[in-house]
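Try each one before you read its solution.

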Amino acid sequence: MSNLPAEHLQVRDIGEQGLLERLQRFCPSEVIGDDAAVLATESKQSLVVTTDMLVDGVHFSDVTTAPEDAGWRAAAANLSDLAAMGAFPLGITVGLGLPGDLSVEWVERMYQGMTECLQKYNVPIVGGDIVRSPITTLSITAFGQANPDFIIHRSTAQIGDAIVVTGIHGASRGGLELLLNPEIGQNLKSEEKVALITAHQRPRPRLDVIPILKEILFSPCSLPSALCLISGMDSSDGLADAVLQICRASKVGAILEASKIPLPSTFNHWLTLQRSLNYALYGGEDFELVLCLPPQTALELVKKLGAGAAIVGKITPGSTVILQHENEKIPDQVLTLSQGFQHFS
């Protein structure tokens, strides 16, 4: 039975051990087979650990996400969390909850997508677990390492800091809307649709930002105190959520300038400005970094990152986060966490 092609097999046909045997080919042979993986860290580095769960029907579905894309997004979400801490990845473990009637082919394709994402950053799958579950669930734990003097926290934003985003926002939500409602993209060219859909299905964690940021902060002309002034997180739950979380942890407020938020140029062809901003602020899953830095450092970072990166606001006294419009006829908007996606609400 287990010699049949994966598309003819269900998970219950081969059982836990049979599935593990198939999935171990996605892992380095030298770290598989024991009760736990052993990961080497460099001298004087801190271990950084993050866990993320994805559930069928909540984070992905057959309507919008192929198995390969579900795997890619699961890996990307965890690598993005490491990047948000200023860490470089060492490896991941994967916990799977699977229905018995799920196709073995689906699981293997999901692992293939996960591997495609991880290989771009030389990150191995070093272990995991499989259990029976009524709903397909992925739980990934990622391990990284970071210089303890260069760990990015949410709680260190300073009044006067510039708020930097490392790329455009709203593209992932735009891609999701096109997948759910293909008819709404009639004014878009095929390549424009593909770009937005790819942003949703195959987001890229911004690990590339970390060495650039280190280069700026550790350059001979940098002040030693600049190292403790960087604050930030990723925008996996939307730009508004990231700024609000940083401000809450740092006990500060912020002003975001609507006209400075980098949006996909294609939004002009099919979305109102208000809908475009809503996708950017609350759409989520863009996996860019949102960083609070001294203004001069922020300018240098944006210059080095190039297209898409922008200074979108500043940290202010108080606790309120305000979206400010260039057009004085549009009233300022107070941003709140309740406006975005929240589990259990």
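**Exercise 1.** In which loop is the place of Lys-44? Decide also whether Lys-44 is buried or exposed.

Solution. Keep in mind that this is a predicted model. Start with the chain: Lys-44 sits in the loop that runs between helix H1 (11-23) and strand S1 (46-55). Next, take its relative accessibility, which is 74%. Exposed means over 50%, so Lys-44 counts as exposed. Finally, look across to Asn-147: its C-alpha atom is 7.2 Å from that of Lys-44, although the two residues are 103 apart along the chain.

**Exercise 2.** Describe how helix H7 and helix H8 pack.

Solution. Begin with the geometry: H7 (residues 239-250) and H8 (residues 273-282) have axes 4 Å apart, at an angle of about 50 degrees. H7 is therefore oblique to H8. Now find the contact itself, where Leu-239, Ala-240 and Asp-241 of H7 meet Ala-280, Leu-281 and Tyr-282 of H8. Sorted by type, the residues of this contact are five nonpolar, one charged and no polar.

**Exercise 3.** Which residues touch the most other members of the largest nonpolar core?

Solution. The core has 61 residues, and the ones to pick out are Leu-96, Val-107 and Met-114. Helix H2 (residues 67-84) supplies the largest share of this core, with nine residues. Then follow Met-114: leaving aside residues up to four places away in sequence, its contacts include Trp-72, Ala-75, Ile-92 and Leu-138. To finish, locate the second, separate core of 28 residues, with Cys-247, Leu-281, Tyr-282 and Ala-310 among them.

Definitions and conventions: Residues numbered from 1 in each chain as written. Predicted model: local features only at pLDDT ≥ 70, side-chain atom pairs only at ≥ 80, totals over all residues. Heavy atoms only, no water. Axes fitted to C-alpha atoms, helices over the stretch in contact; angles between N-to-C directions. Helix = DSSP H or I, 4+ residues; strand = E, 2+ residues; numbered from the N terminus. Parallel < 35°, antiparallel > 145°, perpendicular 65-115°, else oblique. Contact = heavy atoms within 4.5 Å. Nonpolar A, V, L, I, M, F, W, Y, C, P; charged D, E, K, R; others polar. Core = buried A, V, L, I, M, F, W, Y, C linked by side-chain atoms within 4.5 Å. Buried < 20%, exposed > 50% of the residue type's maximum accessible area, 1.4 Å probe, protein only.
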